[in-house]
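Q: I have a model open and want to learn how to read it. Can you take me through it feature by feature?

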Amino acid sequence: MWHFANNLRLHHKDTNSIEEMFDRFCKGISVYGPFWDHVLDYWKQRIENPDKVLFLMYEEIKEQPKMHLKHLAEFLECPFSIKEENCGVVDEILRMCSFKNLSNLEVNTTGKLSTGEENKVFFRRGEIGDWKNYFTTEMSEKLNYIIEQKFQGSGLRFSYI
């Protein structure tokens, strides 16, 4: 979020330090409201309405993309046929929707929003765990503590911890 917010600022003027953004995030201050409330509301909806709400985590998708794509297709009531699977349709969708492919599309490398920001700001590295290169040990421990407190009793677990 820190990278994204700073890259959205045209000409990188008045950027925020990672410490400032982290502090605000921990306090629940963000454009979309407290992260914890947002995630927990969707998690609860998923539990109450499993046929209407699909809850996906990027880390899990990265670990098992084929399994999660098949699950998504089933959720959308468009499961892959055996023939489609055998013909490589699933693999081709994964290739077309891969971070590498999408981030290299011309519209995403050269295009701009109507407000002037470049489309490429929506893509960074697409890797899991890069936060470790930016967080101090104290930041990591604080975030882990907050996550444990906020999601306690919900059954929701983050696999990055």
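Q: What should I know about the model and its numbering?
A: The model is predicted: local features need pLDDT of at least 70, side-chain atom pairs count only at pLDDT 80 or more, and totals for chains, interfaces and linings use all residues. Residues are numbered from 1 along each chain as its sequence is written, and side-chain values use heavy atoms, with hydrogens and water left out.

Q: Which residues is Ser 154 in contact with, leaving aside neighbours within four places in sequence?
A: Contact means heavy atoms within 4.5 Å. Ser 154 contacts Leu 40, Trp 43 and Ile 47, with neighbours within four places left aside.

Q: Which residues of α3 are buried?
A: Buried means under 20% relative accessible area, exposed over 50%, partly exposed in between (1.4 Å probe, protein chains only). In α3 the buried residues are Trp 36, Val 39, Leu 40 and Trp 43. Seen down the axis of α3, they fall within an arc of 95°, so they line one face of the helix. The arc is that of the directions from the helix axis to the C-beta atoms. The general idea: an α-helix has 3.6 residues a turn, so residues three or four places apart point the same way. The buried residues of α3 pack against α2 (18-26) and α10.

Q: Which residues touch the most other members of the largest nonpolar core?
A: In soluble globular proteins, nonpolar side chains tend to be buried together. A nonpolar core is a set of buried Ala, Val, Leu, Ile, Met, Phe, Trp, Tyr and Cys residues joined through side-chain atoms within 4.5 Å. The largest one has 15 residues, and Trp 36, Ile 147, Phe 151, Leu 156 and Phe 158 touch the most other members. Elements giving two or more residues to this core are α2, α3 and α10. The largest share, five residues, comes from α10. Beyond four places in sequence, Phe 151 touches Phe 35, Trp 36, Val 39, Leu 40, Leu 156 and Phe 158.

Q: What is the phi of Glu 77?
A: Most residues other than glycine have a negative phi, and most peptide bonds are trans. Phi of Glu 77 is positive, near 60°. Glu 77 is found in the loop between α5 (65-75) and α6 (82-86). At 70% relative accessibility, Glu 77 counts as exposed.

Q: Which residues of α5 are buried?
A: They are His 68, Leu 69 and Ala 73. Seen down the axis of α5, they fall within an arc of 140°, so they line one face of the helix. The buried residues of α5 pack against α4 (58-63) and α7 (89-96).

Q: Is Ser 103 buried or exposed?
A: At 17% relative accessibility, Ser 103 counts as buried. Ser 103 lies in helix α8 (residues 99-103). The Ser 103 side chain reaches the backbone oxygen of Lys 100 at 3.3 Å.

Methods: Helix = DSSP H or I, 4+ residues; strand = E, 2+ residues; numbered from the N terminus. Polar contact = N/O pair within 3.5 Å; in protein donor to acceptor, adjacent residues only side chain to side chain.
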